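This report covers a chain interface and some helix packing. Please look over the model before reading on.

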Amino acid sequence: MILFFKRAVRDIRTNRFLNVVTIITISLSILIVSSLALFFVNAGNYMGSWQKGIRIIAYLKPDLPEAEIVDIKNKIQGFQTVASVDFISKQEAMKKISEQMKQQSSLFEDLKENPLPDAFEVYISGSSLSNKQLENLAKQIESIPEIDSVEYGKKWIGRFVKVFELFRLTGYAMSGIFFIASVFIVANTIRLVIYSRSEEIEIMRLVGATDSFIKTPFYIQGLIQGALGGILGLASLFVVFMLISSNIKFGLSSDLLYIKFLSLKMSIIIICCSMLAGWLGCFISLRQFLKR
Amino acid sequence: MIDENDKSSIIRMFHVHKNYGSKKALIDINLDISKNEFLFITGPSGAGKSTLLKLLYLGESVSEGQILVEGMNLSRISRRRVPLLRRKFGIIFQDYKLIPTKTVFDNIALVLEAMGKKRQFIQKKVNSVLRTVGMEKRFNALPQSLSGGEQQKIAVARAVAGSPRIILADEPTGSLDPESADFIFDLLNGFHARGGTLIIATHDKELIRKTGNRVIHLKSGRQIKQ
């Protein structure tokens, strides 16, 4: 095996230019595929955290007595899947909105009376409440006569999930296409190497070399090309990621947008796929050549 | 009926024909070569000498007829066993067929590597055959830096390195000066003297006259006399 490995490394060094081109091309494919993976991993994390933070806002009809408000709160609290209920008085709501819109404070100065309604913030138990369950809970709350209207963000999250799923499918398709492209690029490079060494291969066969003796160094070469291409692609993505994430930290509040790099496990899977592409490329070329 | 277990013959050919499209390269060749025989195949250019040698190591396959090599029927041999057949032969090609990107040492070592020999053995054996052909100092040279005679010596060294049962030599002295030709011939004679079977395709009449061994004469693909 050491002999085969040495022969593979020697072949890579002899056909340096072809091998460098192949490694760069594989690394570009891996860069694109791993960028998609990075996007989906982070988008998936956000989806999860957003879903955990879903709440229903129930607006109350104006001028309800305090005792009635307590009754309604208890009633809502009694519904299944409700974790907690917070009462937000219209004064508190105005205070909050004024704080959030400090620069437009003049807008609030001219108001003669507070136009905001009293409201309940209803938090949901469990993070994986389905759209249907959420809708049912909202309907139950809305059916309480003192409740004027309810609002929840599930509708747009539902739409976002659909778009995200579409992106994910597109990502899988693109990853597949780039994988196939990498396989054919490696296959073509190996084919060029094989043709440039066809005389040598022919001589090896004539002196009694088996097909596996001839093939093994090429397979090792393909695996090395795949591994180097994969590592280079991921390293490039990491550099781009560091540049972008440091800019984001300066430009935005870190709580708002925190992105993280691919896990070690995911990176290893990508490199393994890249090596598989390298091996497969060799397999295709050698099978065609040695059949003759 | 072919007797695949005939122990006295090392190679047997039965009504062998070889066609390239409509061109007949060999016609009805029947040949029995004994162990440790020294045989010449002669005839003018295009007579089929090289084709006959190629059929023996499956460089080409027969169009008709059968060939036995040490009991192996070449018509029935599986693709996987072809390398095993080829290891029975040491082949000296007319154009040497040395790998231009490999050093003299690596060209010879390749045969032993393909046989799965250990590194230490390969080192020892290659040095030994290089000494035999007087090329031990050029072990690190690339083939194109060698003269025709030197390349032929390396080709002979490679042919004997794997300790084959049979050597097939296609015009081994064809393009060499008389001194180099004599040296190569002596090397081949030495292989025969140690018990090997030697088959030389040549039209060098001087070489044939020197030995007095059996000669197969081919003309336009036909075997005209023995």
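## The interface of chains A and B

Chain B and chain A bury about 1600 Å² between them. Carbon and sulfur atoms account for 61% of that area. The model is predicted. In chain B, the residues that lose the most area to chain A are Arg79(B), Arg86(B) and Glu113(B). Together they make up 28% of what that side buries.

On contacts, 20 residues of chain B touch 17 residues of chain A. The interface also holds 2 salt bridges by the rule applied. One pairs Glu200(A) with Lys102(B). The closest N and O atoms of Glu200(A) and Lys102(B) are 3.9 Å apart, and the cut-off for a salt bridge is 4 Å.

## Helices α3 and α4 of chain B

Helix α3 of chain B spans residues 104–114. Its axis lies 10 Å from that of α4(B), and the two helices pack at an angle of about 125°. Angles from 65 to 115 degrees count as roughly perpendicular and those over 145 as roughly antiparallel, so α3(B) and α4(B) are oblique to each other. Their crossing is right-handed.

From α3(B), the contact draws on Val104(B), Phe105(B), Ile108(B), Ala109(B), Leu112(B) and Glu113(B). They meet residues of α4(B) including Phe121(B), Ile122(B), Val126(B) and Leu130(B). By class, this contact has 10 nonpolar, 2 polar and 2 charged residues. Glu113(B) has a part in the chain interface too, as one of the residues of chain B that lose the most area to chain A.

## Helices α4 and α5 of chain B

Helix α4 of chain B covers residues 119–132, and helix α5 covers residues 148–161. Their axes are 9 Å apart, with a packing angle of about 135°. α4(B) and α5(B) are therefore oblique to each other. This crossing, too, is right-handed.

Lys125(B), Val129(B) and Leu130(B) are the α4(B) residues here. The contact of α4(B) with α5(B) has 6 nonpolar residues, no polar ones and 1 charged. Lys125(B), Val129(B) and Leu130(B) also meet α3(B).

## Helices α5 and α6 of chain B

How are α5(B) and α6(B) oriented to each other? Helix α6 of chain B runs over residues 178–193. The axes of α5(B) and α6(B) come within 10 Å and cross at roughly 5°. Angles under 35 degrees count as roughly parallel, so α5(B) and α6(B) are roughly parallel to each other.

The α5(B) side of this contact is Gly149(B), Gln152(B), Lys153(B), Val156(B) and Val160(B). The α6(B) side is Ser180(B), Phe183(B), Ile184(B), Leu187(B), Leu188(B) and Phe191(B). These residues divide into 7 nonpolar, 3 polar and 1 charged.

Note on methods:
Residues are numbered from 1 along each chain as its sequence is written. Chains are lettered from A and ligands numbered from 1 in the order in which they are written. This is a predicted model: local features need pLDDT of at least 70, side-chain atom pairs count only at pLDDT 80 or more; totals for chains, interfaces and linings use all residues. Side-chain values use heavy atoms; hydrogens and water are left out. Axes are lines fitted to C-alpha atoms, for helices over the stretch in contact, and angles run from 0 to 180 degrees between N-to-C directions. Helices (H or I, at least four residues) and strands (E, at least two) are DSSP runs, numbered from the N terminus. A crossing is left-handed if the near helix is turned anticlockwise from the far one by less than a right angle, and right-handed if clockwise. Contact means heavy atoms within 4.5 Å. Ala, Val, Leu, Ile, Met, Phe, Trp, Tyr, Cys and Pro count as nonpolar, Asp, Glu, Lys and Arg as charged, and the others, Gly among them, as polar. Buried area is the accessible area (1.4 Å probe) that two parts lose on being put together, summed over both. A salt bridge is a side-chain nitrogen of Lys or Arg within 4 Å of a carboxyl oxygen of Asp or Glu.
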